[in-house]
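Subject: Model handover

Hi,

Here is the structure I promised to pass on.

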Amino acid sequence: MSLLTSLARLRALDEGIAQPVATVRHCHLSRRPMVFIPLKLSGEAAAPLAAMLGTDRDDPRLLVVAQPRNRDLRFAWAAELAGVLLPYVEALTVDTETVERKNADPYERAVDAPQLVVPNQGGVAFTALLGRSTRFRRADGPYPVPGSVPLLGRWLTYFAERAAYPGSSIMLAATEELGRHWASGQSSLEDANLAALMSWITTGPSDEAEDPLVWPPAGPATDPGFDAEVLAPAIESGSAERVAEALRTQLEPTWRLVWQAIDLLAALPEGASVAQRWEQDRGSFSGMAAHVAEGAPPQARRDGAVAAAARLARMERAQAAYDVQRAYDDPMVMAEYRLTGEAFAGEVVETDPENTEGEGRSRKLRPLVVVKTDDPVRLPQGTSLGTPQRRGQGAVLVAADEGLITVKITKGMGRGKTAAPGSVPEVGERVCYTSLTDDFQGSATLPEAEATPWTHGGPPRGYTPDDEDAQEEWS
Amino acid sequence: MTDSPEQVIQNVLADLPRHRGVVVDSPPGAGKSTLVVRAAAHIAATGEPLMIVAQTNEQVDDLVVRISDKHPHLRVGRLSAGGYTPPPRLLELAGVRVATRVQDLNDPDIVIATADKWAWISERVWPWAIVDEAYQMRSDKLLRIAGLFERALFVGDPGQLDPFSIVDGDRWSGLSWDPLQSAVSVLLRHNPDLPVHRLPVSWRLPASAAPVVSQAFYPFTGFRSGTGPGDRRLELTTGGMGTVHDRALEEAARSGWALLELPNRHTVRTDGEAVQAVAMLAERLLQRGAVASSEQGERPVTADRIAVGAAHRDQVAAIRAAGLPPEITVDTANRLQGREYDVTIVLHPLSGRRDATAFHLESGRLCVLASRHRHACVVVARAGIAELLDAHPSAEPVQLGVPVKFPDGWEANQAVLEHLARHRV
Amino acid sequence: MTGLKREGDPVRRLEALRGTTPPRPHDARAIAALAANPGCARRALMDGAGIDKDAAARHLGFPAPFGQSPFAITRGNMFEALVKADGCAELLRMLRELLDLPVEEVAYHDVENVGAHLRHTHTRSLLDHAARSTTAAEPVSAATFYDHPLLSLSIAGHTAYLEPDLVAFQLGGRFHVVEVKSFSVIDGQADPAAVAAAARQAAVYVLAMRTTLEELGHDPGLVSHDVVLVCPENFANRPVATLVDVRKQLAVLRRQLTRMTTLDRLLDALPDDLTFDLRPDDDGRPTRPVAELADALSRTTARYAPDCLSTCDMCFFCRDEARQEGASDLLGRQVRDELGGVASVAEALGLADGTRTPAEGQEEIARLLRNAERLRRECLT
């Protein structure tokens, strides 16, 4: 968080309504998102209690475990969940496009991918645990479960892992996405409460948002008062209907809030790089679908040494790209870099589009642009720059003097003797330059897992899921 | 009594053929580079090829020069990435060859490159490797290059800043191969029987600093200074005017430490008054013609022998903007790691803060800032740090299976503060 | 630690602060929580005086948002019973693996079987006996579990008895604190906040045991700083034991306890007649006028931060106070810190808008805020 966001929070607190901290939407929104609100039984790691889910806001599905301590009922619930989620996922694997690649075979990429929307980070964490507790089960052997359950586990695991991947929109937590676009007048800790954050954005702060009787918690934990006074007696009564109705009262308000959050986000124009990141999401989704189709084993419990390093490299690459893209897509995000002196914006006051460097054959076109700015520039001479107005163009800071910055364009003005039309900004144009550029170095290859060196424990023992995994107690 | 430095080096060299890996912990200025050069020559003398891994191009170049200086008969290959331009001092060296591919190096005795560059090399295995700054190297980098060598000597300073990532690494916490842990942590978790040696003497830190730094940041291992109390002298050749800045410099010249304390106030990070004080100290130090005498002789403390350190980049930018001579190094703790100056001026990471964060309390940060100097360290801080430490909520999350790291940042900060209080002006 | 026991003024002042309200005993959890916000004078005084903050907050109309689900309580009890069943047989199995013990048999002492008033003395003598065995010619090597031992610790001049929900394990005169918790360890990892809370509590027990041994003339180092955390593994009820090194938590605890004894300074700054008395009636219901109590509390300075919402019973009261004051503390420690010395929301916005002239020392934050405001406006138009 920067002073810019802090100022927005102060303003929100003063005016009694959240303030925008983004001018465009930085996540992809599916035409058919699957909203998923899970509840768990208090005191248990991952014992499901209920879930409300669906792609139609007017037609939520409510799945309930009427006796949460009954193992068979829990698996039946997981199978029901699979019955809703898997058809949604599988339908999207069908339509694909062929993607040509340099130095590699073309591959098939889904034209659309699933999108799971949960209320908060707790929802993501619970999805991960639910995935962990189901993906190693087996449809045969000593403790059989419905065949769809382990498959569900693998997809839930996939969703939760994608949620941790910077810039991915496969799984969104509503509070996180809202927080990326609006600053409320409360602390970021309190923003984790969906009802409270939503009221800041829509109507202004309300104490009711923290009253579990008005706005039940958005899960996965339930309100202890509800557990004691409503749920426990309902379970005790043995009436599945009564339990279901009790849980419906806890889920419906959140269901409405999540859809409302989606509407709020949808009203923002989409950022320029969102489609590109979604394309990567689609590629990742197709990869996962292919994995499943090939009969590959479920995701490991924890990453091995090589897998961990590989994932870290991918995530760092994605994080760096996401940071740069958001700044280039959104002047409000770029403003944070302008505030710290890593970017500047202003009006072009002078240009020399025909400036050259060197002599003879090594003579190069190096157009000069002088920008007048009010921003506090803290970039040393020679800094490489990029500009959101002309992506792909490269420039270097030549001189900075009293709000006049001279920039030399080094890349992206065509190969001709003169600069390509439009590649050099005109006097009077507003431009922004920044040292933030997306030139993250690719990382070198890693050894094969079987060749893990002695410094990292040597080759891992081969892992094949066995009966013990499938039998793992699910108390 | 601990072994002498020479004995430790002998022990290290003797251990090399006996173990697959040998670790040497080196506190600030304890002769790490000397050890690397010695070990390199020792291994090269066996006739077996050696690869050396360092973390930055600057470190690689330094090692190339040092090895070549000390052992001109050795042929050294400096492997580099495409965009690298070797500094002139390297090109002058007769036995040194620079190339981007191993095969273009003409089979030298020693090949040196950064860890990042080594990661692109394959299809060859060296019998020996030396990994320098191994505590600042992330273990995923080691994973990429460990297949290149059979045995290795790992050298580094466990007290400096840990490696970090821009992404959240919780999913790997507790794993013995957690990629965000340092190369040495991961190595030792998988090979707990490897010998760990410690260099016992800091040649950089004066007698006034070694005990302070040792107790605060190396509470269990400890080290001493190679020079005695009277061996290092800092003299200000021109008279002062009795200002706080002058008095701080005089205290530092006298005792090796000074705390210039500004009035207690919560400020923004780029606290103008503190920045001014830092700049003024540097300026006065030059004006007063400081002369440093040591076992290396007498020399004036010129701008290039002075460093200014701070925690944040915006503070560094603000200090630079205050108009210091460009020869004075101004940088963050991260970038001052491994460097050495006569006098350092430090903007205390907690100065003007209302709450301490994990970043501010990280012991490695303060350790780097407090251990770059050969003669004196002047700290600028607002009053109130003791109260801030007192009010710090100590409720850090605990990950299962992650060894507890010492020293604790709070304790280290407290120890340094207590010491500085005795040198307050 | 007995040295901390002090007579006289501070203790009387603390008692006056509490008035007729019965003291709330310091349990290990409360002591561990001292570390959560040590800079808060209000909290330090209320804790020092042994005031039931939960009851106070409730009476003030700001009940704390903490509750425990009956399901969680049931589960916790079930799990503990399972771990301790058959004289801690399951626990022994785990400890044997974890600590690599050669023990086949283990003795089991449930200190709870002794009458409540004797439990503390009994605990001491059991510890004494076990510790002696290390120096005896023939050490009593038989392993022993001590269930529900009652330990004490001196807090701000009061002796606090610690709720005995732990097991101490002794072998050859060396002790380990065993902490049974019902949160799960999944694939070797557990919720770091929950583990941290458990570690802080366990550190209280380690310190109390070490203090007891020291008082009895034994080496406090006989109590290991590695505590045994027992939790359900993965998704089952099967327990798993993990060693947790609590050296850092011990250091923090010692610091906080030393701080508690410096309450005098805080007390000195208070008006003589100040009291937080709830004036409970015969049924224990508070009768003190709410406004009066709120006024008394407002004479002490709170250091509210949103983090209090998960740690302190008084959090909603203090948050409300911060709202009334328009304090930037509401937005979190980071925002507050970033604003330099500017404490109020109106002041910060005034500086940003340029409608307020920066006071001395505020020039820089004013410049930064104005710059930020300029950029925000530019982006929003």
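Let me start with a loop in chain A. Asn103(A) sits in the loop between strand S5 (96–101) and strand S6 (104–110) of chain A. Helices (H or I, at least four residues) and strands (E, at least two) are DSSP runs here, numbered from the N terminus. Although not a glycine, Asn103(A) has a positive phi of about 60 degrees. Asn103(A) is also exposed, because it has 4 other C-beta atoms within 10 Å. For burial, C-beta atoms are placed from the backbone, and a residue is buried if 20 or more other C-beta atoms lie within 10 Å of its own, exposed if 12 or fewer, and partly exposed in between.

Before you go further, some housekeeping. This is a predicted model: local features need pLDDT of at least 70 and side-chain atom pairs count only at pLDDT 80 or more, while totals for chains, interfaces and linings use all residues. Residues are numbered from 1 along each chain as its sequence is written, and chains are lettered from A and ligands numbered from 1 in the order in which they are written.

For background, most residues other than glycine have a negative phi, and most peptide bonds are trans. Asn234(C) is another entry for the list, with a positive phi near 50 degrees in a residue other than glycine. You'll find Asn234(C) in the loop between strand S7 (226–232) and strand S8 (239–245) of chain C. Is Asn234(C) buried or exposed? With 22 C-beta neighbours inside 10 Å, Asn234(C) counts as buried.

There are cis peptide bonds to check too. One runs from Gly219(A) to Pro220(A), with omega near -5 degrees, and Pro220(A) is in the loop between H6 and H7 of chain A. Another runs from Phe406(B) to Pro407(B), with omega near 0 degrees. Pro407(B) belongs to the loop between helix H15 (385–390) and helix H16 (409–421) of chain B.

Inside chain A

Chain A is divided into domain 1 (3–300) and domain 2 (331–434), with bounds that come from an automatic or database domain assignment. Taken over C-alpha atoms, the centres of these domains are 43 Å apart. Their contact takes 5 residues from domain 1 and 6 residues from domain 2, where two residues are in contact if their C-beta atoms, placed from the backbone, lie within 7 Å. On the domain 1 side, the residues divide into 4 nonpolar, 1 polar and no charged. In these classes Ala, Val, Leu, Ile, Met, Phe, Trp, Tyr, Cys and Pro count as nonpolar, Asp, Glu, Lys and Arg as charged, and the others, Gly among them, as polar.

Over in the loop between strand S16 (404–411) and strand S17 (430–434) of chain A is Gly422(A). Gly422(A) counts as exposed, with 10 C-beta neighbours inside 10 Å.

Helix H5 (residues 174–181) and helix H6 (residues 194–202) pack at an angle of about 30 degrees, with their axes 10 Å apart. That makes H5(A) roughly parallel to H6(A) (angles under 35 degrees count as roughly parallel). On the H5(A) side, Ala174(A), Thr175(A), Leu178(A) and Gly179(A) meet Leu194(A), Leu197(A) and Ile201(A) in H6(A). That contact divides into 5 nonpolar, 2 polar and no charged residues.

Between the chains

The contact of chains A and C takes 44 residues from chain A and 41 residues from chain C. The largest share of the chain A side, 10 residues, comes from H1(A). By class, that side has 22 nonpolar, 10 polar and 12 charged residues.

For chains A and B, 23 residues of chain B are in contact with 25 residues of chain A. Here H6(B) gives the largest share of the chain B side, 4 residues. That side has 14 nonpolar, 4 polar and 5 charged residues.

Chain C overall

Chain C has 14 helices and 8 strands, and its C-alpha trace spans about 80 × 50 × 40 Å along its principal axes. Buried residues make up 47% of its 381 residues.

Cheers

Notes
Axes fitted to C-alpha atoms, helices over the stretch in contact; angles between N-to-C directions. Parallel < 35°, antiparallel > 145°, perpendicular 65-115°, else oblique.
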